[in-house]
Amino acid sequence: MPELPEVESIKLQLKKFIVGHKILNIEIRYGKKFEGEKGKVEGAKIQDVRRFAKALVIDLSNSYSIVIHVKLTGQLIYEGPNLKKGHQLSKKVIGGLGGKHTHIIFHLDKGGKLYFNDVRKFGWMKVIQKSKLKNQTEFIGKLGPEPLINANDPPENPLTLDKFREILSKSSQAIKIVLMDQEKISGVGNIYANDALWLAGIKPVRKAKDLREDEVKKLFKSIIDVLKEGIKRGGASELAFVTPDGSEGKYQDFTLVYGREGESCKNCKTAIRKIKIGGRGTYFCPNCQS
DNA sequence: CACTTGACCTGTCCGC
DNA sequence: TGCGGACAGGTCAAGT
């Protein structure tokens, strides 16, 4: 689930829902993946929600922030006065709110709540000092440049064509591995890596440094195009992704090659093949991608 | 150092 | 139906 477009979709809704709320207390039911002292943030007001690649940061009115990574199956669901009436929780909110898979609940003022559900328990959150956010030891400090998908809200370290070219030229790994390496390029995961490579007509196993200049340019544009399309569709909800109002995204119905083994290529009708690269499912058209 | 494999967890799906 | 195995969008640690 959460790659850049999914986390962006979460961020946009969280900004609408939780900014302005005060955190009364944090109820931790499964604490293994909660780091730091919750006491540092209880009583503080939520000022902003930011995204660094696939990580979320909730900034508070004191000197602390909460960093959240939802990994594969984490869900952040809001309940409270800022919701529109009549919304419905998707069935993908597994176990419902407050059920078996709810591990953390933020109790907010004005009757608001923010639930953290996570079936596989891979997701984490930590309370850290704002000033340490970009510390090299933190997850965020190690992230590589991030594709620019909204000029009005640029990342702190945007990926430019020049940086992209340089990153690729220094790696003899398969291009798909490089696209998914968060320390090289951040925000792209398996779905969008597969789709961007198809859109650019490049085989996922090609060595990054062997791409020609025209391919580098095309891939750079394709990455941005697929990420934007993902955001436009509200993210991909194949597994467990839902936004904080409990609704699903639609990108899974619009993937270019991801999850389409055996189906005909949208471009040439050849059957899409699935292989493994770096242990991850990789989909491509053997005819269009070279 | 680069690269691969396994671990973290649980649920679902597929084949027998 | 039941059961075992493979697999799932992300990262991290350990091994080769």
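Start by selecting H4 (190–200) and H5 (residues 213–232), which pack at an angle of about 130° with their axes 8 Å apart. Axes here are lines fitted to C-alpha atoms, for helices over the stretch in contact, and angles run from 0 to 180 degrees between N-to-C directions. That makes H4 oblique to H5 (under 35 degrees counts as roughly parallel, over 145 as roughly antiparallel, 65 to 115 as roughly perpendicular, the rest as oblique). Helices (H or I, at least four residues) and strands (E, at least two) are DSSP runs, numbered from the N terminus.

A word on the source: this is a predicted model, where local features need pLDDT of at least 70 and side-chain atom pairs count only at pLDDT 80 or more, while totals for chains, interfaces and linings use all residues. Residues are numbered from 1 along each chain as its sequence is written, with chains lettered from A and ligands numbered from 1 in the order in which they are written.

Now show the side chains between the two helices. From H4, pick Tyr192, Asp195, Ala196, Leu199 and Ala200; their partners in H5 include Glu215, Lys218, Leu219 and Val226 (contact: C-beta atoms, placed from the backbone, within 7 Å). By class, this contact has eight nonpolar, two polar and four charged residues. Ala, Val, Leu, Ile, Met, Phe, Trp, Tyr, Cys and Pro count as nonpolar, Asp, Glu, Lys and Arg as charged, and the others, Gly among them, as polar.

Leu4, Pro5, Glu8 and Ser9 of H1 touch Leu227, Gly230 and Ile231 of H5.

What does H1 lie across? Select E6, E7 and E8: H1 runs over them, at about 25° to E6. They belong to an open four-stranded sheet, order E1-E7-E8-E6, with antiparallel pairing (strands pair if DSSP finds at least two bridges between them). E1 (23–28) and E6 (74–79) are at the edges with a single partner strand each, so one side of each has no neighbour in the sheet. Zoom in on phenylalanine 106, whose bridge partner in E8 is leucine 114.

Last stop: DNA strand C. Of the 20 residues around it, Gly189, Asn190, Glu238, Leu239 and Gly281 come nearest (near: C-beta, placed from the backbone, within 6 Å). H4 is back here, and H4 and strand E13 (280–284) each supply at least two residues of this surface.
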